[in-house]
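Welcome, and please take a moment to look over the protein below.

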Amino acid sequence: MHKIFEDTQTAFALKSDTELDRAYFLFKMIQSEPLVRIGTVITNFALKAHMPVEHLIRASVFDHFCGGITEEDCLPTIANMFTKNVHAILDYSVEGKEEESQFNLALEKTLQNIDFAHEKQSIPFAVFKPTGFGRLGLYQKLTEQKSLSEIEKVEWNKVVDRYNQVCKAAYDKDVPLLIDAEESWMQDAADDLIEVMMEKYNQKKVIVFGTLQMYRWDRMDYLKALYKRAKEKGFYVGMKLVRGAYMEKERERAEENGYPSPICESKQATDANFDAGITYMIEHKKLALFAGTHNEESTYKVMELAIEKGIKKDDKRLWFGQLYGMSDHISYNLAAQGYNVAKYLPYGPVRDVMPYLIRRAEENTSVSGQTSRELSLLKTERKRRKL
Ligand SMILES: Cc1cc2nc3c(=O)[nH]c(=O)nc-3n(C[C@H](O)[C@H](O)[C@H](O)COP(=O)(O)OP(=O)(O)OC[C@H]3O[C@@H](n4cnc5c(N)ncnc54)[C@H](O)[C@@H]3O)c2cc1C
């Protein structure tokens, strides 16, 4: 089974020679940590100064990691991926906007994406980010158990209403809905609200999925406690399991403010926690798992556990997910074997998806280790094609 991810012909079947070369040079470039750091500073400055750099960003990182600016731009990519049985999840990736008009726009986009998913077999889920629907400061105040002012209460009611609208639409249209996880200092408020939604809409099966960031050492206890409550109240729990994307920020904040870091003490500890999470999810019947990972070992582990428990490859309670532009060797080879696979397909105006793109670039420097894997696979495929 371990060999399946080495098949680069299947992994890159949809990439033309030119696209393969572009991916290779892109990963070569972002392999350098200093280059990413300097590039980030220059790009942010250029965007703030309204310099015409959008074209350059599009031609490099944007087109590799994103499906386009609008949903319609993404449709050809979605259709193309689906020819290989790889599904897509439209991810409106605008971040860091704190106005009510932007929250309402994200709500509209999510509702529209639920409709898309309802119509298209190639789109199995919809997704949104908690801070897409409300201010981070508001989630934080609730997480810190501080009381809200009268104005803030009205503001929070609007956030709750947005969650209700999308979860109800997802339920009515039978489209499962993933809700991302973000910084630990705002996450409790989101988790509490997501649990209310699960209780309401997951009575017969999982429609609402939360996210567990397994780099947090407290997540196993949280999952077990949630499952206990779910059993008592009779609802299903859906979880996307990821390792987590805000590690540096989490550690820095904990140190600055003098509280224990919420992050596991080492990569090994995070890996063990992730394993414990997928094992628990697969062992309990009223749970549905979306394994969001680019880690091959974790992916094998899920496959092995599923076989042990007699869960079929196409059982809708088990999905694998990767991000568009990363780990095609996992996505396309899993799909070729008949597993349920979906890739997040981010889209939005170039300057507004920059925080997302910067996270991807940082995650892919040589330090984090992902790039060497991507590069060696691209190299193997270029060699195979005699490029
Ligand atoms: C479909 C999908 C959805 C996602 N949704 C979310 C989301 O909602 N929220 C979110 O935060 N992220 C999300 N992510 C991003 C995900 O968290 C990153 O892809 C992940 O950090 C990379 O981990 P990995 O499992 O692919 O593998 P690996 O490359 O094996 O792991 C790298 C990760 O391990 C952890 N780590 C690394 N070094 C250490 C260390 N020294 N100590 C402790 N831990 C360490 C960090 O989390 C790091 O990112 C999503 C990813 C995918 C594929």
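## About the model

This is a predicted model, in which local features need pLDDT of at least 70 and side-chain atom pairs count only at pLDDT 80 or more, while totals for chains, interfaces and linings use all residues. Residues are numbered from 1 along each chain as its sequence is written, and side-chain values use heavy atoms, with hydrogens and water left out.

## The whole chain

Let us start with the overall build. The protein chain holds 17 helices and eight strands; these are DSSP runs numbered from the N terminus, with helices being H or I of at least four residues and strands E of at least two. Along its principal axes, the C-alpha trace spans about 65 × 55 × 45 Å.

Of the 387 residues, 54% count as buried. Here buried means under 20% relative accessible area, exposed means over 50%, and partly exposed lies in between (1.4 Å probe, protein chains only). The protein chain exposes about 17700 Å², with carbon and sulfur atoms supplying 53% of it; these areas come from the Shrake-Rupley method with a 1.4 Å probe. Among contacts with a separation of 6 or more, 78% are between residues 24 or more positions apart, where contact means heavy atoms within 4.5 Å.

## Helices H5 and H6

Next, find helix H5 (residues 71–82) and helix H6 (residues 100–119), which pack at an angle of about 30° with their axes 13 Å apart. The axes are lines fitted to C-alpha atoms, for helices over the stretch in contact, and angles run from 0 to 180 degrees between N-to-C directions. H5 passes H6 in a right-handed crossing; a crossing is right-handed if the near helix is turned clockwise from the far one by less than a right angle, and left-handed if anticlockwise.

Which residues meet here? Glu71, Glu72 and Leu75 come from H5, and Lys109, Gln112, Asn113 and Phe116 come from H6. By class, this contact has two nonpolar, two polar and three charged residues. Lys109, in helix H6, counts as buried because its relative accessibility is 18%. Leaving aside residues up to four places away in sequence, Lys109 touches Glu71, Tyr92 and Tyr347.

## Residues in loops

Gln145 sits in the loop between helix H8 (136–143) and helix H9 (150–173), and Gln145 is exposed with a relative accessible area of 75%. Ser327 lies in the loop between strand S7 (318–323) and helix H15 (328–336), and Ser327 counts as buried at 1% relative accessibility.

Ser261 belongs to the loop between helix H12 (247–257) and helix H13 (267–283). With 25% relative accessibility, Ser261 counts as partly exposed. Ser261 touches Trp217, Arg251 and Ala254, not counting residues up to four places away in sequence. The C-alpha atoms of Ser261 and Glu250 are separated by 7.0 Å, and the two residues are 11 residues apart along the chain.

How values were computed. Ala, Val, Leu, Ile, Met, Phe, Trp, Tyr, Cys and Pro count as nonpolar, Asp, Glu, Lys and Arg as charged, and the others, Gly among them, as polar.
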